[in-house]
Amino acid sequence: MLCTRLTNARFLTMDPRHPVAHDLGIWRGRIVGVDEAVTSLPARRVVDLGGATVLPGFIDSHVHLAWAGLKAGAPSVAPCERIEDILAVVDAAARRPAPAGAWVEVAGYDQRALGRHLTAAELDRVSHGRKVFLMHDSGHACVVNTAVLELLPDGTPHEDGFLAESAMTAARRLRLPYSQEELADAIEKAARACLDEGVTACAEAGIGGGLLGHSPVELGAYQLLRDRGRLPLRVQLMASGDTLRPRAAHPDDGFPRSLDLGLRTGFGDDWLSLGALKIYTDGGMMARTAVLTSPYEGTAGDTGRFQDEPERIAALIVDGHLAGWQLAVHAIGDRAADLALDALERAQRLRPRPDARHRVEHAGLIRPDQLPRFAALGVSAVVQPNFLRSFGDDYATVMGEGRADWMYRGRGFLDHGVELVGSSDRPVTDGSPLRAIQFMVERLSLSGRSIGPDEAVTVDEALRAYTVAGARACRWEDAAGALAAGKRADLVVLGDDPHRVAPSRIGDIQVLATYVDGRDARAGT
């Protein structure tokens, strides 16, 4: 007997053997089959979906759940476009009662509306004797007051309180760690927001260190949620590259560096597991720290900045590969992508691993000559289409006419045989897969500006990026990404079919229900 049969729906299975179905059977959290394989079987519960469209649950292959949850609960300066308004928010936050030594943490900072960065001296005027930290929306920079600057290691570079990349990491280390309880609450809050948008599984892009780690024991916050039954969707964790340490393993193991006990990609279960090793090369376009081969438009030769010496970054990529990890290499600028591809090529020469499934996270600016290299190395491109939907006007301006069409590619990757994987990087911008899919098809920013129109893909190709390709990038293809017998009963119920509405309406399609393990995770049934 089936646990549940879902009926009277248009199931877009993403399974080429049976692309469209009308009935789907579930037993103990797994799909038994579709249509004639299940229609006549008895079921404890039959759910009439009223003609809705059903897809495999969306997979968001690059998120920051803890950061998203903490950001949602922090004071924000996001609506502010004047220095005085930002300082007023900081002033109010600094006046709130807090334990001795507690920092004032404010979210939503973005200098672009202001025309310049805030300064430490300006923050000092409203700090009330407390340490102040304003997180840049990109996650690659911050502004702090003098009380924080005075604690930084000698030689930490900053510009009147503005710190980027490794300098921001130094400031964050003064604040860390957050408690596991605090992180667990933030993760759960962000995960439930994912469910509301049809996401049933995600990859947390870097814990325990790096730019966005929150505690050296951060994994424990996810285990705490799992143990308490509060983890509402499936999470794959990327360990930050700087959590690897030299280990005196047997020489035959070939492990120059490793996590404790040799943990690596694949450890865990269907709900919580270790995925790729996250390695940063450069920064981001929003903070003007993505590393380019040619300068940003309108600057005096600025080409961004690497997170560390390029040789050290390359050595970490090679060591991670030798230690058996799948690698997720953050590379936004084209020069950073060169570094990533060169290191991955060297790593594969030293120890060939044809199914390593290494990933380049973001791949924000990729030159035409780099596309064949992605394909030759079998590297997937994990892109964030909503970056261009939200920030495309600005990004196109700073890249200039000659490079704007190379940003966050779609068609270029697919035509070269490169796996195109969709993700959000929430909370940097909008996390909705449907709105991202709309951009992939239209290539229009919120203002209506066309950005790289030749990089547009079909609706099917965009849906694949958030289902089949996401599952493969996370090594879940045996259990997720399609609605087929034996796979997890993780699915999203939509109010309309993305193929049947105008592209401009895809992002507005209503998410009616999100099923995880055969149950509506939003309704608790």
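Visitor: Glu-181 first. Buried, exposed or partly exposed?
Guide: Partly exposed, because its relative accessibility is 37%. Bear in mind that this is a predicted model.

Visitor: Which residue forms a salt bridge with Glu-181?
Guide: Arg-228 does. The closest N and O atoms are 2.7 Å apart.

Visitor: What about Arg-228, buried or partly exposed?
Guide: Partly exposed, since its relative accessibility is 45%.

Visitor: How many salt bridges in total?
Guide: The count is 49. One of them joins the side chains of Arg-112 and Asp-394, at 2.7 Å from N to O. That pair links distant parts of the chain, 282 residues apart. Arg-112 is in the loop between β7 (104-109) and α3 (120-124), while Asp-394 is in helix α11 (residues 385-399). Arg-112 has a relative accessible area of 25%, so the residue is partly exposed.

Visitor: Which residue does Arg-411 bridge to?
Guide: Asp-415, with the closest N and O atoms 3.4 Å apart. Both sit in helix α12 (residues 411-415). They are four residues apart, about one turn of the helix. Asp-415 is exposed, because its relative accessible area is 55%.

Visitor: Which residues are linked in a network of salt bridges?
Guide: Asp-355, Arg-357, Glu-419, Arg-464, Arg-472, Arg-475 and Glu-477.

Visitor: Switching to the inside. How many residues in the largest nonpolar core?
Guide: That core has 123. Phe-374, Met-407 and Phe-413 have the most contacts inside it. Helix α6 (residues 180-196) gives the largest share, eight residues.

Visitor: Which other core lies apart from it?
Guide: One of 22 residues, including Ile-83, Val-90, Ala-93 and Ala-141. In soluble globular proteins, nonpolar side chains tend to be buried together.

Visitor: Back to Met-407. What is it in contact with?
Guide: Leaving aside neighbours within four places in sequence, its contacts include Met-285, Leu-365, Leu-388, Tyr-395 and Ile-451. Arg-443 is also among them.

Visitor: Now the surface. Which residues make a nonpolar patch there?
Guide: Trp-27, Val-32 and Leu-41, over about 250 Å². Val-32 is in strand β4 (residues 30-34). Its relative accessible area is 36%, so Val-32 is partly exposed.

Visitor: What about His-62, buried or exposed?
Guide: Buried, because its relative accessible area is 0%. His-62 is in strand β6 (residues 58-63). A polar contact of 2.8 Å joins its side chain to that of Glu-361. Beyond residues up to four places away in sequence, His-62 also touches His-362, Lys-278, Asp-425 and Arg-426, among others.

Visitor: Staying with Arg-426. Which residue does a cis peptide bond join to it?
Guide: Pro-427, with omega about 10 degrees. Pro-427 is in the loop between β19 (420-422) and α13 (433-442). Most peptide bonds are trans.

Visitor: What is the phi of Arg-288?
Guide: Near 65 degrees, a positive value in a residue other than glycine. Arg-288 is in the loop between β15 (272-280) and α8 (310-322).

Visitor: And the phi of Asp-517?
Guide: Positive, about 60 degrees, and Asp-517 is not a glycine. Its place is in the loop between β21 (511-516) and β22 (519-520).

Notes: Residues numbered from 1 in each chain as written. Predicted model: local features only at pLDDT ≥ 70, side-chain atom pairs only at ≥ 80, totals over all residues. Heavy atoms only, no water. Core = buried A, V, L, I, M, F, W, Y, C linked by side-chain atoms within 4.5 Å. Buried < 20%, exposed > 50% of the residue type's maximum accessible area, 1.4 Å probe, protein only. Helix = DSSP H or I, 4+ residues; strand = E, 2+ residues; numbered from the N terminus. Contact = heavy atoms within 4.5 Å. Salt bridge = Lys/Arg side-chain N within 4 Å of Asp/Glu carboxyl O. Patch = residues over 30% accessible without salt bridge, like charges linked within 9 Å, V, L, I, M, F, W, Y side chains within 5 Å. Areas by Shrake-Rupley, 256 points an atom, 1.4 Å probe, with all protein chains shown as cover. Polar contact = N/O pair within 3.5 Å; in protein donor to acceptor, adjacent residues only side chain to side chain.
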